[in-house]
Structures are given as structure tokens and as C-alpha cells.
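Biologist: I am new to this structure and would like to go through it in questions and answers. Please show it first.

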Amino acid sequence: MGTSASHLKARLEGLCARYDSAAALGKDPLSLVLGYTEPLDQEVAAFVAAHLAYGRVDPMVRAVGEVLRPLGPRPAAWLREGSEARIRKELNRALISWTWRFHTGPDLVAWLLAWKRLDQDSGQGLEAQLVPGPGEEHDAALSRLVQRLRRELPASYGTRFTLPDPLEGAACKRWRMFLRWMVRSGWPDLGLWKRLAPDQLIIPLDTHVARVSRFIGLTRRATPDGKMAREITESLRRLDPADPLRYDFALSHLGILGDCPGLRHRRTCAECALYSVCRAGSESAARILS
Ligand code: SF4
């Protein structure tokens, strides 16, 4: 027997009550972005933090902080006012031994210089680069930006790893997260960009969101790719048409914080709000929302 949308929505609200918290946010790279007060500084910090948002969360958040430190308290002004040569020299020195998994210091120097050039083009940061043309979906603009960055950035492994193109079928988790932070205005996001619509955002699909979404019937797909991200988003849109990513933070942090054993059991899942709608470990993978 299927689960009603209203019951699922109530359970997801219960999940938010547990995870939409300062404690969970402290384990998220967005916490560093929220340390800045000026919108353009938050954008630069988000551009770095989302780019590096993969792997174990504690060392990843540390790595993001190490990249942002040499930019000082006003990173956007620092990037705008310095010449490319001076920025390159100072960051190369500061990040000479910095690495985060696939990324090296030179990758991040190139990434920050890319923000400077994109900002110079628009005069107002990155938003204009990600606004779709008339009749286009968000992804057309994202694809154009990705293709431009592929042409202009050095072809290192770290750079290529974080430049998937949504029109090639990739889930684009880090770009989706950047967009969620910048566009959505509900907690904990920034809501700085007003020319993009929150109801058009696609969920930032990571392994945690993919797994729990299968457990609760938001998707039946097996491969965590762009199609799965769209299917999950469509299921969530039926619960909240104006703000389909409302539950993303809670869904991802259930996994990030290690609270989901991946097998539904009364003892280990006692505190999970999704218990009554979860099919983890069950042969029944029937779609809950129909
Ligand atoms: S396996 Fe347990 S903790 Fe994970 S979603 Fe299902 S009920 Fe929640």
C-alpha cells in the first residue's frame, strides 16, 4: 500500500525539526559562507565552498577555510581590487602546500581568478552568468558557464572533476548546491539571487540523498545521475511546488551525520522521523508518490 503525500510531507517536516539546526549547520560548508555579511563576499565564499564540497565533511570544511583565509574579511573586494598577477602571486604563496583530495593550490588560484573574470564581465558577480535566456531552463545557462570554464581553466584533474555539464546527464551536485544556497531563501540558504526561481532548482544529489530518497520512494532509479536528481526533485515538488528543495538539508544531513544505518529497524531507527515511510531493507521498492 502506498504512502500518501500528506503523510510523507508530515514525516519530512519531522525530519526538518531534527536536522534544520545550528548543530547540523556547523557540519556543513555553508557555515563558513554565513560567516561573511556582504552578499558578494558570501558569493565568493560559496563559490569556493561548493566547489570543494566532496569527501569527509570535517576535513573538507577545514580545507575550505584554508582557501578563504588569505582572501581576508572582504574576499570579493580583495579579488576585485587586486591585479591578476598580484592575486596569483599571493595565493600561490599562501596555498603552496594546500590540497584537498583531487584539488591542489593552483586549481583554487585558477578558480578564484575565474570568479574575478566572470565578475568583471557582468559587473555584479556570477548571477548574470546563470540566468537562462527566454524560454530556456536553468540548465542551459549552467551548461554554458561550465563549457566556458572548461575552455578557460587549466585542464587539471581537480578542475575537470568539478566541471560536469548538466546537459551531459551529470547530477552536478556541487553546482546544484551552490545554486540552492544563492537562490533559495528558506533556512539555511542565502536567497541572494532574485533573477532565478527557487521552484526551478534541482536537488544537489549526493550518495546520502540518493539512498534515503530510494528508501522513502522519491525515486526508483538506481544510478545517482541527473535523471535521478530530476525525479527526486519532481517528487518533492509535489509536496512543495514553490520550494521543492525545502527538505534537502535534512535529507542529506540524516546521512552526513551518520544517523541512517541503511536498514530499517525499530531499535536503530527509533529517532528517525521517516520510520513509517521508509522501506530500507524491504523488497518492496514501490514508489510512494504516484
Ligand atoms: S533506514 Fe532508518 S534511519 Fe535510515 S531512513 Fe530508514 S528509518 Fe530512517
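**Helices, loops and ligand**

Biologist: Let us begin with H15. Which residues of H15 are buried?

Modeller: This is a predicted model. Helix H15 covers residues 248–256 and is mostly covered, with eight of its nine residues buried. The buried residues are Asp248, Phe249, Ala250, Leu251, Ser252, His253, Leu254 and Ile256.

Biologist: Against which helices do the buried residues of H15 pack?

Modeller: H15 is mostly covered, and its buried residues pack against several helices. These are H1 (5–19), H2 (22–25), H5 (57–68), H12 and H13 (207–215).

Biologist: What is the phi of Gly258?

Modeller: Gly258 follows H15. Its phi is positive, near 75°.

Biologist: H12 was named among the partners of H15. How are H4 and H12 oriented to each other, roughly parallel or roughly antiparallel?

Modeller: Helix H4 spans residues 39–51 and helix H12 spans residues 173–183; their axes are 9 Å apart, at an angle of about 150°. Angles over 145 degrees count as roughly antiparallel. H4 and H12 are therefore roughly antiparallel.

Biologist: Which residues of H12 make the contact with H4?

Modeller: The crossing of the two helices, H4 and H12, is right-handed. From H4, the contact takes Glu43, Ala46, Phe47, Ala50 and His51. By class, the contact of H4 with H12 has seven nonpolar, one polar and two charged residues. On the H12 side the residues are Arg174, Met177, Phe178, Trp181 and Met182.

Biologist: And how are H7 and H8 oriented to each other, roughly parallel or roughly antiparallel?

Modeller: The axes of H7 (residues 84–94) and H8 (residues 105–122) come within 10 Å and cross at roughly 150°. The crossing is right-handed. Since angles over 145 degrees count as roughly antiparallel, H7 and H8 are roughly antiparallel.

Biologist: Which residues of H8 make the contact with H7?

Modeller: H7 brings Glu84, Ile87, Arg88, Leu91 and Asn92 to the contact. The residues of the contact of H7 with H8 divide into five nonpolar, two polar and two charged. H8 supplies Gly105, Val109, Leu112 and Leu113.

Biologist: Now the loops. Is Ala171 buried or exposed?

Modeller: Ala171 lies in the loop between H11 (157–161) and H12. Leu205, Pro224, Asp225, Gly226, Met228 and Ala229 are in contact with Ala171, leaving aside residues up to four places away in sequence. Because 25 other C-beta atoms lie within 10 Å of Ala171, where 20 or more are required, the residue counts as buried.

Biologist: Is Cys172 buried or exposed?

Modeller: Cys172 lies in the loop between H11 and H12. Its phi is positive, near 55°, although Cys172 is not a glycine. Because Cys172 has 27 C-beta neighbours inside 10 Å, the residue counts as buried.

Biologist: What is the phi of Arg101?

Modeller: Arg101 lies in the loop between strand S1 (99–100) and strand S2 (103–104). With 15 other C-beta atoms within 10 Å, Arg101 is partly exposed. Most residues other than glycine have a negative phi. Arg101 is not a glycine, yet its phi is positive, about 45°.

Biologist: Is the peptide bond from Trp187 to Pro188 cis or trans?

Modeller: Pro188 lies in the loop between H12 and H13. Most peptide bonds are trans. The bond from Trp187 to Pro188 has omega near 0° and is cis.

Biologist: Which residues come nearest to the ligand?

Modeller: The shell around the ligand has eleven nonpolar, one polar and one charged residues. Of these 13 residues, the nearest are Cys260, Cys269, Cys272, Cys278 and Ala280.

Methods: Residues numbered from 1 in each chain as written. Predicted model: local features only at pLDDT ≥ 70, side-chain atom pairs only at ≥ 80, totals over all residues. Near = placed C-beta within 6 Å. Nonpolar A, V, L, I, M, F, W, Y, C, P; charged D, E, K, R; others polar. Axes fitted to C-alpha atoms, helices over the stretch in contact; angles between N-to-C directions. Helix = DSSP H or I, 4+ residues; strand = E, 2+ residues; numbered from the N terminus. Parallel < 35°, antiparallel > 145°, perpendicular 65-115°, else oblique. Left-handed = near helix turned anticlockwise from the far one by under 90°. Contact = placed C-beta atoms within 7 Å. Buried ≥ 20, exposed ≤ 12 C-beta atoms within 10 Å, placed from the backbone.
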